[in-house]
Amino acid sequence: MKKHNIVFIMTDHQRADSIGMRQCNIEVTPNLNKLAKESLVFSRAYNTCPLCVPCRTAISTGKYPTKNGVVFNDWKGITARDNKPFPQILKENGYNVSHVGVDHIKVKPALKDRIKYDKWIDQTDYNRYIEELGISVKRDEKHSREVKELRAEGDYINKRYSNTYVSKWEHDTTTFKDEYFTRESLDVIDNVNKDNPFALFINYWAPHPPLRVPEEYINKFNPDDIVLPDNVGKIAKNEPVNRRDGVPAQLAENVTEKEWRQVWSAHLALLNYVDDQIGKVIDKIKEKGLLEDTIILFTSDHGDHLGQHSMYQKMEMYEQAVNVPLLIKIPNVEPRKIEGTMSNLDILPTLLDELDIEKPNDLDGTSNYEVIHNNGEIKDRKVFCQYSGNPELGCVRRAVITEKYKYIYDQMNEKELYDLESDPLEMNNIATEKENMELIKTLHDELVNWSKQKNDWVFD
């Protein structure tokens, strides 16, 4: 029997709470909301690292960052190892495989060179396309801010990061990066060989900063009418003192509520924009009569604090950065919401079981195949996350997340413990309370045990 096709869609900086969100009386993600009604919705999916390259590499290889070697945004692939990624597994099992979008997975040999792709389109192709139109790819310096970033040696380097500045994309919307990626994706679907299963990996850029918004979208969400979370611009009680030294906190320094409203307006507009692109892809799948034979998976690598905890961007262990959307539409599987903590390490073993492809024996995730097909639940599963710096080794965080609690370890400062049931915004660090000492010890021991199994040097 022919295996199901796979369309694997990923955005960048998209939070879990974006699905189903309404702002200014507008559905932020109407196409993803429709997909959610037809899908398995994993409400508590977590990444392994709140940073692009480590997270995406972990998803594709099924191995925790400290185990696969890629723990920071190693754009040159210096730390990459010979870990077999998902596209290669599919190619070896008879799939036609295409990649469209950003290339943030680091393995050795490189992802692009490991197999013969039916189509490969990445950032380089987009840059060539846009430069031929006479449009510069150079970023305006207004869109960045210099911060001090800790290195493993204990000193700080000056580095520029995308900031909260908002501007309009001054060119035709058809020249916007994700519009280009959508056209290339539609071409793949238009030309699939129905005799073989196909896999299409679409890696969108939006809503990643810099916050440059296409003209048709920039005024869609009135900043004055946006309902902000209660902790925008606020710091948690008993926050470790070094949190203000982190990049996300520095990027939020002196940002006013009015400016946060503008940030939210731009972020929501970019979410709405990329949702429209996803809608085009799904419509094309339907148009070609492929829907009943295709698994559609949607997720994001990480979220964005957007002012919560008085932080901007990702790179911390709070829910806004590590809790990500995850929708999986599987033919002939009833849609439903699945509660319980799960890791994006679970994606690869789950899909391989679904496709009846033998799993490598060294994967770090747990397959949810039985949960999906036996109407089961995810219970008592712990999720582990790491952050080790960007763009090189530096600031270190480790975390373990349970159904109720999140424990964050920082080797340079105080521990953190949050009760996610009573304090979902994580505004009260209860790690200093005596009655929690035994719980902290238990969670810390479990974190150490997991980390040592995954080649984490932090607990050596």
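Predicted model: local features only at pLDDT ≥ 70, side-chain atom pairs only at ≥ 80, totals over all residues.

Biologist: Why is the contact between E179 and K280 called a salt bridge?

Modeller: The nitrogen and oxygen of E179 and K280 are 3.4 Å apart. A salt bridge requires these atoms to be within 4 Å, so the pair qualifies. E179 belongs to helix 7 and K280 to helix 9, 101 residues apart.

Biologist: Why is E179 called buried, and K280 partly exposed?

Modeller: E179 has a relative accessible area of 11%. Buried means under 20%, so E179 is buried. K280 stands at 34%; this value lies between 20% and 50%, so K280 is partly exposed.

Biologist: What makes K441 exposed, and how is D445 classed?

Modeller: The relative accessibility of K441 is 53%, and exposed means over 50%, so the term applies to K441. D445, at 38%, counts as partly exposed. These two residues form a salt bridge, with their closest N and O atoms 2.9 Å apart. Because they are four residues apart in helix 13, about one helical turn separates them.

Biologist: How do you know that R398 and D456 tie together separate parts of the sequence?

Modeller: Their side chains meet in a salt bridge at 2.6 Å, N to O. R398 lies in strand 17 and D456 in the segment after helix 13, so the pair ties together parts 58 residues apart in sequence. Both residues are buried.

How values were computed:
Residues numbered from 1 in each chain as written. Heavy atoms only, no water. Helix = DSSP H or I, 4+ residues; strand = E, 2+ residues; numbered from the N terminus. Buried < 20%, exposed > 50% of the residue type's maximum accessible area, 1.4 Å probe, protein only.
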